[in-house]
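Have a look at the structure first, then read on.

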Amino acid sequence: MELKFLFLILFFYFLGVAQNSFFAYFNILGSTPNFIFIFFFILIFFSDSKKSVFSPYNLFLSTAAGLFLDLFSYDFFGASIISFLIISFLAKKFLLLLKEMQEQQPLIYFIPLFVLSFIFNDLFLVIGYYFIEHIKPSFGLTNIIAIIYNLAFAVIGFYIFKKLKLFFAHSRQLKLLP
């Protein structure tokens, strides 16, 4: 197992613990930030666009993030894994269609794709509840606030990840000649 995968597992665990312990107190109308989803989506968005949509890295990310979200939430076990696999596939397919971008990953593509993926994840879980427990689906103010709240953290994470990617991409060697 690569060190990268072990680090991702530990980081998803840390995000799950932080999300359910410390950040549970920072809710707005019952909405808390879903850091596991945000980090999963940022990693999918910034992953190498030349890889196939079914790359082992994307499958690992979807499974690990979905597993920890299932473990740390009250939803049905396996629902987040399936939802994340579908989101990973659709997001990578969309990004492959946009590979002629001038900038690698502009924010203008990130925001709508994040919002649509977040809505899809919520709808997937709500539809599961409807078929299993016959709870009627609803979309209201709480869902809109959850989208805005998570989007704010996702945009901050987008810029942090972009800066880190640029920092680690540049060679650390001293260049004497231009």
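## A buried glutamine

A residue counts as buried when its relative accessible area is under 20%. Q19 has a relative accessibility of 9%, and therefore counts as buried. Please keep in mind that this is a predicted model.

Q19 is found in helix α1, which covers residues 3-20. What does Q19 touch once its neighbours within four places in sequence are left aside? Q19 is in contact with A24, P33, N34, F35, I36 and L69.

## Aromatic pairs

How many aromatic pairs does the count come to? The count comes to 24 aromatic pairs. One of them joins F40 and F84, whose rings are stacked, with 4.4 Å from centre to centre and 5° between the planes. This pair links distant parts of the chain: F40 belongs to helix α2 (residues 35-46) and F84 to helix α4 (residues 79-97), and the two are 44 residues apart.

Are F40 and F84 buried or exposed? F40 has 0% relative accessibility, so it counts as buried. F84 is likewise buried, because its relative accessible area is 0%, and the cut-off for buried is under 20%.

Another stacked aromatic pair is formed by F41 and F45, with 6.3 Å between the ring centres and 25° between the planes. Here both partners lie in helix α2, 4 residues apart, which is about one turn of the helix. F41 and F45 are both buried.

## A charge over a ring

The charged end of K4 sits over the ring of F5, at 5.7 Å from the ring centre.

## A partly exposed tyrosine

Where does Y109 lie? Y109 is in helix α5, which runs over residues 107-133. With a relative accessible area of 27%, Y109 is partly exposed, because the partly exposed class lies between the buried limit of 20% and the exposed limit of 50%.

Y109 can also be placed relative to L98, which is 11 residues away along the chain. The C-alpha atoms of Y109 and L98 are separated by 9.0 Å.

Terms used: Residues numbered from 1 in each chain as written. Predicted model: local features only at pLDDT ≥ 70, side-chain atom pairs only at ≥ 80, totals over all residues. Heavy atoms only, no water. Buried < 20%, exposed > 50% of the residue type's maximum accessible area, 1.4 Å probe, protein only. Phe/Tyr/Trp six-rings, centres within 6.5 Å; stacked < 30°, edge-to-face > 60°. Lys NZ or Arg CZ within 6 Å of the ring centre and 35° of its normal. Contact = heavy atoms within 4.5 Å.
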